[in-house]
Amino acid sequence: QVHLAESGGGLVQPGGSLRLSCVGSGPIFGIYTMGWHRQAPGKERELVAAITAGGSPHYADSVKGRFTISRNNREKSVSLQMSDLKPEDTAVYYCKVVLPGGVNKWGQGTQVTVSS
């Protein structure tokens, strides 16, 4: 049984920063790829960033240079530091872990709103 809990969302003005955190529970997470996706109203969920068990990151082109993903395997956590936020970053952000067999497990989501 795997459970993910996100936190850190909120309202921020354009150019501001937020840090999202995701803490997992259950089996050891250190061998699994984890990531962050987001979903804006009326749109499909899209990948924002992912990080392998070894710490290799991948970012969507739209967030490169602005977002940084990191993980702490001992704490079973993954974080997303978001800087220079733009209105188009507004979405519900979901934490994800890729379990054996390619099965995705999702958190409940945290709202990020970028507006002046």
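User: Which residues does Thr110 touch, not counting residues up to four places away in sequence?

Analyst: Contact means heavy atoms within 4.5 Å, and Thr110 touches Glu6, Ser7, Gly8, Gly9, Leu20, Ala91, Val92 and Tyr93, not counting residues up to four places away in sequence. This is a predicted model, where local features need pLDDT of at least 70 and side-chain atom pairs count only at pLDDT 80 or more, while totals for chains, interfaces and linings use all residues. Residues are numbered from 1 along each chain as its sequence is written, and side-chain values use heavy atoms, with hydrogens and water left out.

User: Is Thr110 buried or exposed?

Analyst: Buried means under 20% relative accessible area, exposed over 50%, and partly exposed in between, with a 1.4 Å probe and protein chains only; Thr110 is buried, at a relative accessible area of 11%.

User: Where is Arg45 placed relative to the ring of Tyr94?

Analyst: A charge sits over a ring if NZ of Lys or CZ of Arg is within 6 Å of the ring centre and within 35 degrees of the ring normal. Here the charged end of Arg45 sits over the ring of Tyr94, 3.6 Å from its centre, and Arg45 also lies over the face of Trp106, at 4.5 Å from the ring centre.

User: How many aromatic pairs are there?

Analyst: A pair of aromatic rings is described by the distance of the centres and the angle of the planes. Rings of Phe, Tyr and Trp (its six-membered ring) pair if their centres lie within 6.5 Å, with planes under 30 degrees apart counted as stacked, over 60 as edge-to-face and the rest as tilted; by this rule the count is zero aromatic pairs.
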